[in-house]
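Reader: I've got a few "how do you know that" questions about this one. Can we go through them together?

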Amino acid sequence: MTVFTSFLAGLAFGLGLIVSGMANPAKVLGFLDLGGRWDPSLAFVMGGAIAVGAVAFAVARRRTRSFLGAAMRLPASRTIDRRLVLGSVLFGIGWGVAGFCPGPGLVAAGMGEVKALVFVAAMLAGMAGYELVERRRSAAAGMPGAAADTAR
Amino acid sequence: MTIDWPAFTPWTALAGGVLVGAAAAMFVLLNGRIAGISGIVGGLLRPVRGDVAWRLAFVAGLVAAPMAYAAFAQWPRPQIDAGYVALVAAGLLVGVGTRYASGCTSGHGVCGLSRLSPRSLAATAVFMGAGFLTVFLMRHLLGL
């Protein structure tokens with residue numbers, strides 16, 4: 001059941017990205033270009049998403065199980081560390097270079113756009129590289145498989 | 001700063017945003033998880049038994065979204081101006097960066113801000129700031 005609802009959530013998420021125009025890197029870059037002719041649309045996408053999300057997370061926070069009985073897994077960490085900040089810097093630079101973040105990249109790849117497929121392949125390579133480095137680091141620290149972050 | 005009025009689409013942006021929020025809401029209320037795309041995809045590269053199918057299903061939903069959209073209308077073709085070298089560099093940076101930061105625009109931006117997570121607020125401020133600076137540098141200083 002949760003596999004099916006997972007598919008539906010991905011589908012709705014992807015449809016939202018197409019409707020909002022965020023599957024189009026040129027539009028995302030229009031938002032990131034404060035120094036040129038600025039397109040504020042992305043702020044409205046975030047606003048709409050957060051308005052709905054805030055209600056859902058307020059409900060979720062009070063529960064230990066989902067409505068389908070799955071464990072409620074909300075990140076507990078509140079620390080702002082170097083990994084968070086430096087990782088976000090790298091991500092922001094990559095986002096600004098091409099106008100793609102992970103979701104829109106996958107949706108545009110689903111449209112059969114060759115350039116999006118190239119972006120997604122490179123993104124997967126980057127994630128695999130991270131995985132290798134982390135595995136080596138946790139092995140060196142004597143904690144096989146103990147990765148530092150939570151699934152998000 | 002001048003606003004690009006012809007490009008500005010507040011209503012479809014808001015409607016699409018509500019749909020994105022509804023997807024994240026559904027995911028946390030039914031599956032008990034954060035709809036963070038970099039984490040969902042990244043977890044596939046660290047496969048754990050019983051933890052793979054739902055991740056693949058979510059990604060399949062994202063990839064199938066254009067086909068579902070096409071049932072109603074032809075999807076608007078994305079305009080991808082970046083060249084191949086830039087796309088590879090961008091992909092690597094996005095892949096590594098989002099994993100180190102434990103999240104991207106969806107996990108930190110949408111879900112994290114909805115939860116009022118201070119970590120996500122910091123991450124979102126940093127990646128948006130880096131994005132603004134990168135575009136400013138590329139378009140207005142380097143003329144790329």
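Predicted model: local features only at pLDDT ≥ 70, side-chain atom pairs only at ≥ 80, totals over all residues.

Reader: Okay, how do you know that the span of helix 4 of chain A agrees with that?

Author: Helix 4 covers residues 82-98 of chain A, so its 17 residues should span 24 Å. The end C-alpha atoms are 25 Å apart, which agrees. Just after helix 4, A:Gly99 has a positive phi of about 85°.

Reader: Why are strand 1 of chain A and strand 1 of chain B called paired?

Author: Pairing takes at least two bridges between the strands. These two have two bridges, in the parallel sense, so they qualify. A:Arg37, for one, has B:Thr2 as its bridge partner.

Reader: And what is in contact between the chains?

Author: On the chain B side, 107 residues are in contact with 113 residues of chain A. Helix 1 of chain B brings the largest share of that side, 21 residues. By type, the chain B side divides into 69 nonpolar, 30 polar and eight charged residues.

Reader: Which residues have the most contacts inside the largest nonpolar core?

Author: A:Phe119, B:Ala23 and B:Ala24, in a core of 94 residues. Helix 1 of chain B gives the most to this core, with 13 residues. Among the residues B:Ala23 touches are A:Ala9, A:Phe13 and B:Ala35.

Notes:
Residues numbered from 1 in each chain as written. Chains lettered and ligands numbered in written order. Helix = DSSP H or I, 4+ residues; strand = E, 2+ residues; numbered from the N terminus. Expected span 1.5 Å × (residues − 1). Contact = placed C-beta atoms within 7 Å. Nonpolar A, V, L, I, M, F, W, Y, C, P; charged D, E, K, R; others polar. Core = buried A, V, L, I, M, F, W, Y, C linked by C-beta atoms within 7 Å. Buried ≥ 20, exposed ≤ 12 C-beta atoms within 10 Å, placed from the backbone. Lists of a residue's contacts leave out its neighbours within four places in sequence.
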